[in-house]
Amino acid sequence: MLRKALIISTLLFPAGSAIAGALDFRVGKDAAELTFFTQTSSFGYGGADIGFGALINEHNDVIGNGSILVTGSSTGDVKGLHFGVGAKAYVGSLEGPSSASLDVDGGAIAIGGQMRYVFPGTTPFAILGEAFFAPEVTSISDFDGLLEYRLALELEVTPSARAYVGYRMLEVTFDRDIDYEVDDAAHVGVRFEF
């Protein structure tokens, strides 16, 4: 039931919203994720990106997330360098492979950041890195910690669409001191701005 509620709420949020944002869809060998982003100018100097997403993998693990990332450009001479810091909340239901039968539910609040560098030149090309970490103290229920990091190479196809290829590791630690990799693979994705 939790799994269906996460997927439905993630998919319906953008439909009921008339604000500008972006839709990000990525697919890997064993996992897929859909995320809706919107922006607000009420946080920090340059505003913040707010995201709502859901991931599902081949083992029917489902993790929903909500994030807020305050972003801005560097103050130095490197105009193509952009930074972001923020927090990300996760809630999920994990079953694992049929041989493991985990049946784990929980959540975590992580802090982290992002760095994106847009290469100068005629072809809009960028590299992105981000990481989020939740220790035991900010994890609830069966979760005892969480680590997510991602690297991606992006190509701006049009001013409102980017395509990318990347790698992401999403690992959850349980109360039993088991580290479980929800996603640990390369992926391809697209991001549409509207």
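Guide: Strands here are DSSP runs of E, at least two residues long, numbered from the N terminus. Keep in mind that this is a predicted model.

Visitor: Okay. Which strand gives the most to the nonpolar patch?

Guide: Strand 9 does, with 3 residues. Strand 1 (21-28) and strand 7 (125-134) are also among the strands that each supply at least two.

Visitor: How much accessible area does that patch have together?

Guide: About 800 Å². Its members include Phe25, Phe119, Leu155 and Val188.

Visitor: Take Leu155. Where is it found, and how exposed is it?

Guide: Leu155 is in strand 9. Leu155 counts as partly exposed because its relative accessible area is 38%, and that class runs between 20% and 50%.

Visitor: New topic: charges. Which residues form the negative patch?

Guide: Glu136, Asp175, Asp177, Asp179, Glu181 and Asp184. Asp177 sits in the loop between strand 10 (161-174) and strand 11 (179-193). Asp177 is exposed, at 63% relative accessible area.

Visitor: And how many salt bridges does a search of the whole structure find?

Guide: 10. One of them pairs Glu148 with Lys88, at 3.1 Å from N to O. That pair links distant parts of the chain: Glu148 is in strand 9 and Lys88 in strand 5, 60 residues apart.

Visitor: Are Glu148 and Lys88 buried or exposed?

Guide: Both are buried.

Visitor: What about Glu154, which residue is its salt-bridge partner?

Guide: Arg116, with the closest N and O atoms 2.6 Å apart. Glu154 lies in strand 9 and Arg116 in strand 6, 38 residues apart. Glu154 and Arg116 are buried.

Visitor: Which residues do shared partners join into one network?

Guide: Asp24, Arg26, Glu33, Lys88, Glu148, Arg168 and Asp183.

Key: Residues numbered from 1 in each chain as written. Predicted model: local features only at pLDDT ≥ 70, side-chain atom pairs only at ≥ 80, totals over all residues. Heavy atoms only, no water. Patch = residues over 30% accessible without salt bridge, like charges linked within 9 Å, V, L, I, M, F, W, Y side chains within 5 Å. Areas by Shrake-Rupley, 256 points an atom, 1.4 Å probe, with all protein chains shown as cover. Salt bridge = Lys/Arg side-chain N within 4 Å of Asp/Glu carboxyl O. Lys, Arg positive; Asp, Glu negative; His and termini not counted. Charge placed at Lys NZ, Arg CZ, Asp CG, Glu CD. Helix = DSSP H or I, 4+ residues; strand = E, 2+ residues; numbered from the N terminus. Buried < 20%, exposed > 50% of the residue type's maximum accessible area, 1.4 Å probe, protein only.
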